[in-house]
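I opened my notebook for a quick look around this structure.

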Amino acid sequence: YNWKFVTEEVDGQVQYEYAEQFAEKLNEKSDGAINIDVYEFGGLGSEVDQVEQLQDGLVQFAIVSPGFTGGMVEEGQVFALQFLFPNDQEKTQEILNTSEALNTQLAGMYEEHNIKPLAFFTEGAMQWTGSSPLRTPADFEGFKMRTQESPLIQESYEAYGATPEAMSWSELYTSLDRGVVDGQENPIFFIQDAAFHEVQSDMTISNHNNYVAMATVNPTFYNDLPEDVRAMIDETVEEMQPIVFDMQKEMNESLLEEIKNDTENPTEVYELTEEETAAFRELAEPVREYFRTEVVGEEGNAMLDLLEQEIAEHE
Ligand code: 6CS
């Protein structure tokens, strides 16, 4: 077998390291029969292009951020809802692993669009960076915020008074540098590795959301595989969950220190107080209602009902 695995990140970053280890494991398990070429982000187009290549079966595996499928699988925008999941990353990952709302209901909705999610994992809590401090909703007034494609991510920043602008991360460093946009959200490891902190004066530890990614496969390809090969894939996916969790944790912790110690490119790191967080939480709450009434239908509502229940059980 010769397969392709495309990621939205580059060498050294979480998704790419996931794909590399996934490929290595399957190669070993199959005694060399399965060979997977892993592609860094950039070579095969934008994040949105990559999703299409997966759907068309041009690549067999992909790591997909739901934020880039927002216009297609509206329900996947549930991950854009800020302050929905627990702050605790262990708990969040536990929910991602076990949630029926996500692994059965939402996964089924993706499958209808020729994308089969095999697993959901967190790449860490997301933080804000800006060319000015971001501590209160007033700081977002007129602030040009880069987001992924998802209309609901945009809605969430409009609720804070910001002007969202969707773009691929390939353009983000230059856009921040030139002031095309004023800020962005990402987990710490990504902010440091993509060097966004070099062109941003401020970083806010906001923990307003998690960066959730999906390991996905083209469903037609997957369903046509012999059962023992599918079992090998499923086993590998399961083995990768704790590995990727530890990997993001280590990277997010150590790269925060790198940002703080980068005296050449000083970035003011500020952690929101509980009161400050509450002000954002209050503005984020109505977006949940907007998701229910304007974005998804009955199925999406049932999915969010169940997810909220599953989250409550973990809190
Ligand atoms: O901000 C983004 O769009 C990128 N961030 C991460 C953590 N991974 C890939 C994604 O395209």
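Where is the place of Asn114? I found Asn114 in the loop between helix 4 and strand 4. A reminder to myself: this is a predicted model.

I looked up the backbone of Asn114 and read a positive phi of about 65°, although Asn114 is not a glycine. Most residues other than glycine have a negative phi, so I made a note of it. With 16 other C-beta atoms within 10 Å, Asn114 is partly exposed. I then turned to Ala195, in the loop between helix 7 (188-193) and strand 8 (202-205). Phi of Ala195 is also positive, near 65°, and Ala195 is partly exposed, with 15 other C-beta atoms within 10 Å.

**Helix 4.** Which residues of helix 4 (residues 100-111) are buried? I listed Ala101, Leu102, Leu106, Ala107 and Tyr110. Down the helix axis they fall within an arc of 155°, so they line one face of helix 4. I see them pack against helix 3 (89-98), strand 4 (116-130) and helix 11 (298-314).

**Helices 5 and 10.** I checked helix 5 (residues 151-158) against helix 10 (residues 274-295): their axes come within 10 Å and cross at roughly 145°. The crossing is right-handed. From helix 5, Leu152, Glu155 and Ser156 meet residues of helix 10 including Tyr290 and Phe291. By class, I have six nonpolar, one polar and one charged residues in this contact.

**The core.** The largest nonpolar core has 74 residues, and Ile63 and Val64 touch the most other members. Beyond its close sequence neighbours, within four places, I have Ile63 in contact with residues including Thr7, Tyr18 and Met214.

Key. Residues numbered from 1 in each chain as written. Predicted model: local features only at pLDDT ≥ 70, side-chain atom pairs only at ≥ 80, totals over all residues. Axes fitted to C-alpha atoms, helices over the stretch in contact; angles between N-to-C directions. Helix = DSSP H or I, 4+ residues; strand = E, 2+ residues; numbered from the N terminus. Left-handed = near helix turned anticlockwise from the far one by under 90°. Contact = placed C-beta atoms within 7 Å. Nonpolar A, V, L, I, M, F, W, Y, C, P; charged D, E, K, R; others polar. Buried ≥ 20, exposed ≤ 12 C-beta atoms within 10 Å, placed from the backbone. Arc of directions from axis to C-beta. Core = buried A, V, L, I, M, F, W, Y, C linked by C-beta atoms within 7 Å.
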